Amino acid sequence: MGAIIETNNLRAYYITKAYGVERTVKAVDDITLRIQEGEVYGIAGESGCGKSTLLRVLLNAYQPPLTVVGGEVIYNLDGERLNAADMTEEQNRDLRWRKLSYIPQGSMHVLNPVRRIRDSFHDFISAHRDVTKNESYAMTAEYLRDLGLPEKVMRSYPHQLSGGMRQRVTIALATILWPKLIFADEPTTALDVVVQRGVIQMLKDVQQKEGSTLVLITHDIGVHANLADRIAILYAGKLVEEAETRTILNEPKHPYTRYLIESLPNLDSREELMSIPGRPPALDRPPSGCRFHERCPLAQDICKTIEPELIQIAPRHFTACHVVEEELSHAQAV
Amino acid sequence: MQLLRTYILPRIAQWAVVIFVGVTVTFLIPRFSPVNPIDDMISRMTAFQTIDPQAVVAMRANMEDLYGLDGSLLDQYIAFWRRLLAGDLGPSFQNFPAPVSEIIGAGLPWTVGLLTTTTLISWLLGIFVGSLVGYFQHQTWAQVLERLVIVIYPTPYLITALILLIVFAFYIPLFPMVGGAQGSPALTWNYISSILRFGFLPAMSIVIGGFAFRFIMAKALSTTEIASDYVQYAELAAVPKRRIVMSYVIRNTMLPHVNDLALSLGAMFEGALIVEVMFGYPGLGSKLFTAIGTSDYNIIMGITLLSIVGIATGSLIVDLLYPVFDPRVRLR
């Protein structure tokens, strides 16, 4: 199966100008991705590393000051190859919900507070399908039943539902038209662990029912471990490592990824967990060379000046690190 | 029934208390005024002729009795309530012996007709256009419209009225200058069309001002609303813009608008004083204006009482209607 969405050297910057001073925040810098049809692709990274910005661009729903300054986003939907930059407003609206959809961050507030759930569903369905109110009510009822949500939420107002229920309703609302490509932005953040589990299960169900592609963005490696087939690690607007979930968890190569994995609690060990020294860099003046060098215990002189390239170190395993690259060339020489 | 006992009944009791206090204050204030209407009248009568002092004393007693100004303050107060509850607001001082209720009754349909129509029109138009401009605030037409309204908004409506009067009644005599209607009241097209023709300019001057105020309010409210997560999400999902404006933006800003509407409708009984005086419109505003000029207490009091009841009732209705407009309103 081919890539359903791909980006080539994508650069998206926030460009603001105030009193003649131009400020550029390089939130997404030179990212190349191939997301395969039917897979669950996880994007991980700490706050402020450009995850949500990348998602906005992938969704083709961004406004100034966010600007794509280089590279491209390409959709391969139903045998049609579409370059996001060339799409008209009309094409964009057509694609939404029918082909690609979005489960937002903070789903708590995305439901209209003065509308019953079934009417919100009707708004979203009728925007893309020629249906009467009763038809969309029936569609909604059936879909909610399939997903195991109680029927009475149909007549409820959002404030009458619990946080977890609201999140599940939002997932249903985002996927009611069976989109091929689903983006989920921090779908479990701000939910307690028990509810998280239910939401993860529901995402899994939704994804598996139609074999949709799910792009999952969260800082929570635990959620990725549960859901994702492949994980991309983002650091300061750069892709630093990409591999299958198992590989990332068991054999992380990039020092940043290693820190991330080591900071996870482990059932077997009782050691104190390490946190990564320092703090993420400001993206309006990113460090030279490798953006992680200031916090990296393995940093060498080359890391301070030359940006590492993303290289393949094993089948389906990519990383961008001078040290790893060097080790690898040593191993090959021996 | 829980709701009835813990919310509706206390709210109605509060309404009664507000009216009671309002009526009491209305009763007291003119009586603390240094001007005594009877002295006023007697001195006007005796200014040009001499009258037998005994006749003057008898006349004063007579008038005090008639106007309800005899006895102690408490006696007057009790008598005042008794007459009020019987629907008797006393006679007009100036148009004696015409009862106040009759004079108010004659002005009421004009004012109520004029103000209900204009308030509703400016309310609907203001909310609709204001929310549209708030939603499409980056479009040129919206920005032009907004600048225009910002110029109109601070213009006092007596100036708007004056301009309309000069332009459309004097230079281009499309509309009559003074009055409420032509001919004798009847259900004929002639009479009704004359009501519309006479009412047009006064209505326009009220609508323009009221529209500008509501436009600015609706624009401000919808500006916050379009930044909300649910509007953004609906936009992302390509929900039609018409649906977003109506069911998402406007629907979520209704509470303050409904409040404003009820209070404006309640305040209607004060009449639109300036416009009515300016256009010689035969409504409550004109009556109030004349009454103030001639210290005709009973009429002033009658109109004040009416507006107290109007505003108290307006806000009572809003409070009872809140849950209809916002499902989140719940009794705690």
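This is a predicted model: local features need pLDDT of at least 70, side-chain atom pairs count only at pLDDT 80 or more; totals for chains, interfaces and linings use all residues.
In which loop of chain A is Pro65(A) found? Pro65(A) sits in the loop that runs between helix 1 (51–58) and strand 4 (66–77) of chain A.

Pro65(A) is joined to Pro64(A) by a cis peptide bond, with omega at about 10°. The loop between helix 1 and strand 4 also holds Asn60(A). Asn60(A) is not a glycine, yet its phi is positive, at about 55°. Most peptide bonds are trans, and most residues other than glycine have a negative phi. Asn60(A) counts as buried because its relative accessibility is 11%, and the cut-off for buried is under 20%.

Trp178(A) belongs to the loop between helix 5 and strand 7 (181–185) of chain A. With a relative accessibility of 31%, Trp178(A) counts as partly exposed.

The loop between helix 4 (133–146) and helix 5 of chain A contains Ser156(A). Ser156(A) has a relative accessibility of 11% and so counts as buried. A polar atom of the Ser156(A) side chain lies 3.0 Å from the backbone oxygen of Lys152(A). Leaving aside residues up to four places away in sequence, Ser156(A) touches Arg115(A), Arg116(A), Ile117(A) and Leu161(A).

Chain B has 14 helices and zero strands. Its C-alpha atoms fill a box of roughly 90 × 60 × 40 Å along the principal axes. Of the 332 residues in chain B, 42% are buried. Among contacts in chain B with a separation of 6 or more, 72% are between residues 24 or more positions apart. The accessible surface of chain B is about 17,500 Å², and carbon and sulfur atoms account for 70% of that surface.

How many residues of chain A are in contact with chain B? The contact involves 29 residues of chain A and 20 residues of chain B. Between the two chains an area of about 2,100 Å² is buried, with 60% of this area coming from carbon and sulfur atoms. On the chain A side, Arg93(A), Pro113(A) and Val114(A) lose the most area to chain B, and together they make up 28% of what that side buries.

The salt bridge is formed by the side chains of Asp123(A) and Arg243(B), at 2.4 Å from N to O.

Several elements of chain A contribute to the side that touches chain B. Strand 6 (100–103), helix 3 (117–126) and helix 5 (163–175) each supply at least two residues of that side. The largest share, five residues, comes from helix 3 of chain A. Sorted by class, the side of chain A that touches chain B consists of 15 nonpolar, ten polar and four charged residues.

Terms used: Residues are numbered from 1 along each chain as its sequence is written. Chains are lettered from A and ligands numbered from 1 in the order in which they are written. Side-chain values use heavy atoms; hydrogens and water are left out. Contact means heavy atoms within 4.5 Å. Buried area is the accessible area (1.4 Å probe) that two parts lose on being put together, summed over both. A salt bridge is a side-chain nitrogen of Lys or Arg within 4 Å of a carboxyl oxygen of Asp or Glu. Helices (H or I, at least four residues) and strands (E, at least two) are DSSP runs, numbered from the N terminus. Ala, Val, Leu, Ile, Met, Phe, Trp, Tyr, Cys and Pro count as nonpolar, Asp, Glu, Lys and Arg as charged, and the others, Gly among them, as polar. Buried means under 20% relative accessible area, exposed over 50%, partly exposed in between (1.4 Å probe, protein chains only). Accessible areas come from the Shrake-Rupley method with a 1.4 Å probe; for residues, only the protein chains shown count as cover. A polar contact is a pair of N or O atoms within 3.5 Å; within protein, one must be able to donate a hydrogen and the other to accept it, and residues adjacent in sequence count only if both atoms are side-chain atoms.
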